Amino acid sequence: MNFIHWVSILLELVVAVIGVMLAVRKKKRYGWFIALTFVLYVFYDLAYLLSLQISQDLLYYLFFVATLSILWAIWNIFLES
């Protein structure tokens, strides 16, 4: 199971990079929000996986920010089409 978790974190990083590429190359502002969401997911997952001494409250807030970020991005994608 540990292997799958590491693969998932790697894939989250790939999505974050693609989000940055959307923002920079395609000039889509929502790409930054996609990147932010998945960078926060990577941090959240690494904190759990590596048993980092990070406040659970801070992790909840970061997860909430990630949720708001992807909501903003997907709403803008919806409005674009």
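Here is a short chat about the fold, the helix packing and the surface.

User: Before we start, what kind of model is this?
Analyst: It's a predicted model, where local features need pLDDT of at least 70, side-chain atom pairs count only at pLDDT 80 or more, and totals for chains, interfaces and linings use all residues. Residues are numbered from 1 along each chain as its sequence is written, and side-chain values use heavy atoms, with hydrogens and water left out.

User: How do α1 and α2 cross?
Analyst: Helix α1 (residues 2-24) and helix α2 (residues 30-49) have axes that come within 7 Å and cross at roughly 160°. So α1 is roughly antiparallel to α2, a label for angles over 145 degrees. The axes are lines fitted to C-alpha atoms over the stretch in contact, with angles from 0 to 180 degrees between N-to-C directions.

User: And what residues make up that contact?
Analyst: The contact of α1 with α2 has 20 nonpolar, four polar and two charged residues. Nonpolar covers Ala, Val, Leu, Ile, Met, Phe, Trp, Tyr, Cys and Pro; charged is Asp, Glu, Lys and Arg; the others, Gly among them, are polar.

User: Switching topic: how much of the chain is buried?
Analyst: Of its 81 residues, 26% are buried, meaning under 20% relative accessible area with a 1.4 Å probe, protein chains only.

User: What about overall dimensions?
Analyst: The C-alpha atoms fill a box of roughly 40 × 25 × 20 Å along the principal axes.

Key:
Helices (H or I, at least four residues) and strands (E, at least two) are DSSP runs, numbered from the N terminus. Angles under 35 degrees count as roughly parallel, over 145 as roughly antiparallel, 65 to 115 as roughly perpendicular and the rest as oblique. Buried means under 20% relative accessible area, exposed over 50%, partly exposed in between (1.4 Å probe, protein chains only).
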